[in-house]
Structure formats: C-alpha cells, structure tokens
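Please work through the exercises below with the sequence and the model at hand. Each task is followed by a solution in steps.

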Amino acid sequence: MNIGLFLSEGDGEISKTVDVKSLAALYGEVMPVSVFDNLQSAASHRTIFREVEDRKLDAVVLAGESPLFYKKTRNGERLLSLLNTAGINPNRLAIANIREQVSLPHRSAPAEATKKAKVLIDVAIEKVLLSKPVDLIEVSPRRAVTVIGTTAAGLFAAQRLLERNFQVDFLDREEIRALNGFRNQIQPTLAAIKNHPKATFHASKITDFYGYAGNYRINLENGKKLRAGGIIVAIGDDLKLTEELYPFLRLERNEKGLFKTLSAETAVTETVQQGIFLIPETPTISAASSLADSAAMSLDSLLSQNAIRHELFVSEVDESVCGGCGTCIKTCMFHAAEIDPVRKLASTNIKRCVGCGNCVSACPTGARDQISGSTAYYLSAIRILATYKPPSGPRLLYVICEGCGYPSLDFAGNNGIEYPTGVMPLSVRCAGRLDTQFILEAFKQGFSGVVICKCKDDHCLNIVGNTDLDRRANLFRAVLSSRGISPDRLRIFGVSDCDGASCVTSAVDFMKYLQNMGRA
Amino acid sequence: MAKLKVATGLLQGCFGCHMALLDLHEDLLPMLVALDIVRSPINDVKEVPEVDLGILDGAVCNTENEALAKEFRKKSKKILALGTCATLGGINGLRNLYDLDTVLKRSYVKNESTVEGMIPKSPVIPRLLPHVKALHQVIEVDYALPGCPPTPAMIATALMDIISGREMKIASKNLCHECTRTHEQMYIPRREFVTDSVTSIMELDEINEEKCFLEQGVLCMGPATREGCEARCVKGNTPCRGCMGPGPDALEDVVGVGYRYSLPVSIYPHREEK
C-alpha cells in the first residue's frame, strides 16, 4: 500500500509543542511526507490533491487537527471530498489528532508530546493498513421532504420547499401547533401551504425509520408509508416528542435533552445525520424564519445533486464461521441483522445498519466484524499505544466513543486543560463496540488502567451502545473478581452534553488513585 | 507403504478420549493397515519408543504428566493433542480457581471422609504443578482435536488426515449450525430477550425437546462453542456446556469463564494468589 503522510503545523500551534520537522524526517524515510502550515487552506488542499495524483497514493494519513474539524467545517469537508475525488477510499484515510490530543494538552512537555504524536501517527497508519476498502453506493435523491413538527419554523421551511417543487409531508400529533402568538405572522405561510397539491399532513407516529440521505423510508402508526429524500425536524422544545423520535432519528442531544445541530456557528441546521436538518427552538419569529430558510436551502442543495454517495460502514459476516445462532439479531437495535434460517447464516441489511458495532461485540464466534474498525485493528492499536512509556506516572488506555467521548477530549485540549502524557486515546465508533477483550488486551500490554469515556444516559447515538457496554463491563468485573483481581482498574465515565471536560479531570483523579494503589 | 508408528499416552484425564478411540470398534481395523500402535496405556508399555505420531490425552497437572509430555515430544515426529483436556486444559483446569495449598488441604486434610489427614510428601509421588496447563503450554503441539471426548468419527477423520499428510480440518462454525432444535424467538429482532434472566434447566417444569434452549430461558453454550460434536448433548435434551471450546475466530477466551473447559488457556488462566 502506498501511504502518504501529511503533517500540519497547525499555524504554529502544533509545532510549538510537537517537533513536526523531526517527525517528517523520521517518516520521510519510509513514505512520502509533506508538511503544511495548516490543512485548512485551499492551497494546502491543492497540494495534497496533486501529491495523491502524482505519487499514485492509495492511502492518506493526515496528522494535525481533530477529525471533528473535517466533519464540522466546510473547509474540512472540502478536503475529504477532494481526497474522495482523487480516488482515496474513505477507509484508506486516517486522521491522527496531534493537535487536540497532543500539542494542546501537553504544552509543557514538548519532548514527550513528540513521542506521543509519533505513536498516534503509527496508530493511524495501522488503521489504513488493516482496513478493507469500504463499499460505496449512490442514491438518487427523492424530491420529497418530511417535515416533523408543524411549528412556525416547520411551516416556513415547508413553504420554501413547496416553492422549489418538493413533495412535502407533515408529521405531527396535531395539524397546527399552538403558534405562541405568531398566528398573524404565519397566516400568509399557512395560506400558501393549505390545499397545496404537494403538501400532505399526517397526524401519526413513526414506527419504523431507515434508509439514507436521499432516500429515507418512514412507516407510520396509521399504516402509511412515507419516503423522503430529507427530513426537517422543527419540534421546538417538545421534549416528549424528542424522546419519541430519538431512537429513529439518532440525533445528538443537548443538556436539556433536546436535539442539537452540528455547530451553533457554522452548521446551524445540519445534524450528525446527513439528510436530517434541525431547526432548533428559537425565541423569536425572525430567527425561526431565517433558520427555516437555512434548513430548506441546505436540504435543497443536498437533494439537487444527481447522486448522493454513501459509505457502507456496516457490519460484515465471515460465512465460514457464522453458525446462525441469532445473537446479533437479538442485539441489534436497528433490525439490521438478519438470518437465513435455511443456510443458518447471518447477514446485514445495509439499508438499516448504522455501523455501531454492537453486534460485533456480541457475536460469540467472532464471525462479525466492523468494516470501519476491525477487531484486528483495535487490538493492534492497543499494542501500538502501549509502546509509549511516559517518564513518570501511570499509563491509561483512554477509550473514547465517537459520540461524546471524542468531543469531550477535544474540548479539554481546546480549553487549555493540561493532563499527563500517559493518557493514551483510542477512538471507537461506539461504546457498544468495546469488547471486554480490548480491556484485557490493554492490561496485558501493561496499561495501569482503562478508562472508557462514553455517552451518558440517553445520549448514545446508537441508542443502546452505552448501556450494553455497562452490561458487559459488569459481567467482566464479576469475572475479574472471581479471579481475585480487583476490577478497580477499569473505570467508565458517561459524559452528559458531549462537550464537557469532566472526563479528563476524572481521568486525572483516576491516575492519582492508581499511583497510590501502586505504592500501597 | 510403511505403517505410521503411533504411541498414545495418558496425562491427567479420565481415559475418555482413549475410550472414544476404541469406540471406533471395527472401523478401527481398516486404519490399522496404515498405522501401528506400538505404545499405549492399554498395551501397558512403559517406555516411549521413537514414533511418527504421539497422541496425548489429558491435561498437564503434575510433574509426571510434564515428564511424560516432554518424553513424547522427544520421541515423536508429530504430536496430536487429543481431547479438550489436552487442547484447552479441560475440567481439570477448574483447579486453577484455587491455589495449590487450598486444593491439597481440601483433598487430604479438610475432607469429610478424612480423620487427621495429611498431605502426602513421599518423594516417589508426582507433585502437583501450581496450575493446570494445556499440552501446548508445555510442549510444541502439531495437531489439536478438542471434544470431551471427541466423537469416534472426529478421531477417525483426524487420523486419516494425518496418515495421508493432509491438513487436519476441524469444524469452524458454532454449535447452532448443527443443532437440530427449532429457532424462532432467536431470529426475531426484539431486544427484550437479550436482558431476560436465565434459569437453570432444573427449574423448568418441562423441557421442550424441540425448541432452542435459549428460547426456553436456559443458558446453552452452543452459540459460543465450536460445532463438530454432533450436538450430542442437545440431542439428549441437555444444553451445551461448551466442551469443544470456542471457534477459530472467537476472540481469545475472555478469562475462560464462558467455557468451563478452557480456563488454563484464557488470558488470565488462574486465580490471583494472595
């Protein structure tokens, strides 16, 4: 495999702590390496694109800013789509977060930070080496939108979409919600929507929801089946409806328990789900109307594409090992695991699988594996992370779920919270993917403790990933106790709102505890 | 064609694997055209001659087992670990949940049938090792055949593979694959079942002979156990206990607790000693 490494100095922010030049020289002996001031500018993107083409790279490792930067900003997104155009499979791209996870939290230990950065880059390289290319499918978007919530904002957005010739289905408990005294302002919109041939109202509940951006299938309690290219959620501060929708839509939630958008600054209506847009609760009608325009505009530009590309980050089955026991069916929250009762063989419904990996942890034979993070990769990553030896203090395997754990650790870095270099981060798709085997492997490799930082309570994007982890961890603790081993070296933290730094302070306390335990 | 010279030996086991070999009955006869059993506990030869294949049954529990295993390794071109004790440690391995002192006291001193007991100290009696080990943890093993005991058919197939120089193949799927009970609830995507409590088979008023044990709320190790045993237990209306051990791709046995037969080969193979 021809892997190229692109290092970012983070406009001096990373290179202030991490010796980026020496890392470049080191990796330069074995692979093409380029160093950039940052990975955000259009100039950097052009150079990266050219390098990939000229050197015929088939895998890329970016070492610099957090992957969240690529997910949540337009610049970041552009680089990912450029790499895609250059023929880099999404699974052949790995990101080593040496800014938020290394340079920012370890400013006062530059030599150690450089060593740790190298280990994180090694893990990223291992990831591309051990990942199979992921299959891509293309969906022709349907020009139909389901608007959930007949609030003023929902009606505004619907009006825009009807003007652009979309089919609009409304879904709510009642036809028009109490409009908080906005009835006058909303009158013209109501008039435009009422009796519009392309607008239909459904007073019902969702019973099943699956599909991709561009083509969602929504089954309702009243038996109607809707299909939509995109969804607009405009339910205001209706907490009850949020609870009801959450297992289907799987959107992030804020501290009040309401759905939240990707970012309050640059992605005001986008959510973690590509085809679902959210108009958050707003106090004024003008904010509601501009957010509605934003959501309608974003959805229009998404659904006006000829095809929307989807990466099938699903669970796969090794047919030589699967005996068809049905454990995966019982575990999967999304009804994505299926079984052929005659051949006694499991399979995955790619329209439903969200790739959380809960079935992989559950599979008793090891027949299931995750395309985006194979068991072989995670075990290997733990071994690589164990090669870093901090000058003093204990070493922690710090497992962070993509939902809440990862952003929390980033938050700590971004807010100047320093913590010991012995905290070794390992990102997993979901806490439910965390096989107890990984914990054992970490202890085997000499980590003094394992921390799992996951979503709290009902904040798990995969609905049951965090609680299934707890269930497994409790059994695991019981097993350890039966062997006379104290289960104290495993700690699990739930992060409530996905952007607090409490998990870091808890981890530091844990390190102190481990240190004292060592002395006793 | 020269006959394959074979020696068999018994380590710490119940002799069941040797019995399974004998259970081949007349099917053993055609095999004797190709192999010559020159030493076995049955023909009572004490020395281990030079052989092509050494077959060992049982786990390594004491110094005598260890010495015999090493002697076999020295004298045999290839070694077959026969049965679950030899491949995974087996039921013997459960001793690893206690330290040696506790085990010896329980056997010889604090025993319901013993008055003023004492731990034997004679130098001619083999000493127990601190922990029970599977054969491959003591000597290099070329072939491994799990099963408690392996079925005669499995033994015959394995021996034929070895005789003809083929790679020895054993089943790779889990027991559910060859289980003949009906699965309905297990195939319904409803999570409630996952967290339901588990009952012991003794607690059931009636055991349905056709239905999956898990669907009756009884813990059956089938999903986590390698097939190949012909599902003898489930056919006998008893849930699988996992004697075949995990399949080839299953992650390393999580502390061995799921499989009561494989504690010695788990990552943490014994109890922490105080």
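The exercises that follow concern a predicted model and treat its chain contact, its cores, its domains and its backbone.

**Exercise 1.** Identify the residues with the most contacts inside the largest nonpolar core, and examine the surroundings of Tyr398(A).

*Solution.* 
1. The largest nonpolar core comprises 132 residues, and Val61(A), Leu397(A), Tyr398(A) and Val399(A) have the most contacts inside it.
2. Helix H6 (residues 110-130) of chain A gives the most to this core, namely eight residues.
3. With neighbours within four places in sequence set aside, Tyr398(A) contacts Val423(A), Met424(A), Pro425(A), Leu426(A), Val451(A), Cys453(A) and Ala507(A).
4. A second, separate core has 45 residues, including Ile55(B), Phe72(B), Ala144(B) and Ile162(B).
5. In soluble globular proteins, nonpolar side chains tend to be buried together.

**Exercise 2.** Describe how the two domains of chain B are arranged and how they meet.

*Solution.* 
1. Domain 1 of chain B spans 4-93 + 124-163, and domain 2 spans 171-249.
2. Their centres, taken over C-alpha atoms, are 30 Å apart.
3. Eight residues from domain 1 and seven residues from domain 2 form the contact.
4. Helix H4 (residues 84-88) of chain B gives the most to the domain 1 side, with three residues.
5. That side of domain 1 consists of four nonpolar, four polar and no charged residues.

**Exercise 3.** Determine whether Asn165(A) is buried or exposed, and locate the positive phi values and the cis peptide bond.

*Solution.* 
1. Most residues other than glycine have a negative phi, and most peptide bonds are trans.
2. Asn165(A) has a phi near 70° and lies in the loop between helix H7 (152-163) and strand E7 (167-172) of chain A.
3. Because 9 other C-beta atoms lie within 10 Å, Asn165(A) is exposed; the cut-off for this class is 12 or fewer.
4. Glu230(B) also has a positive phi, about 70°, in the loop between helix H7 (192-195) and helix H8 (232-235) of chain B.
5. With 14 other C-beta atoms within 10 Å, Glu230(B) is therefore partly exposed.
6. The cis peptide bond joins Cys148(B) and Pro149(B), with omega about -10°; Pro149(B) is in the loop between strand E7 (143-145) and helix H6 (152-163) of chain B.

Definitions and conventions:
Residues are numbered from 1 along each chain as its sequence is written. Chains are lettered from A and ligands numbered from 1 in the order in which they are written. This is a predicted model: local features need pLDDT of at least 70, side-chain atom pairs count only at pLDDT 80 or more; totals for chains, interfaces and linings use all residues. Helices (H or I, at least four residues) and strands (E, at least two) are DSSP runs, numbered from the N terminus. A residue is buried if 20 or more other C-beta atoms lie within 10 Å of its own, exposed if 12 or fewer, and partly exposed in between; C-beta atoms are placed from the backbone. A nonpolar core is a set of buried Ala, Val, Leu, Ile, Met, Phe, Trp, Tyr and Cys residues joined through C-beta atoms within 7 Å. Domain bounds come from an automatic or database domain assignment. Ala, Val, Leu, Ile, Met, Phe, Trp, Tyr, Cys and Pro count as nonpolar, Asp, Glu, Lys and Arg as charged, and the others, Gly among them, as polar.
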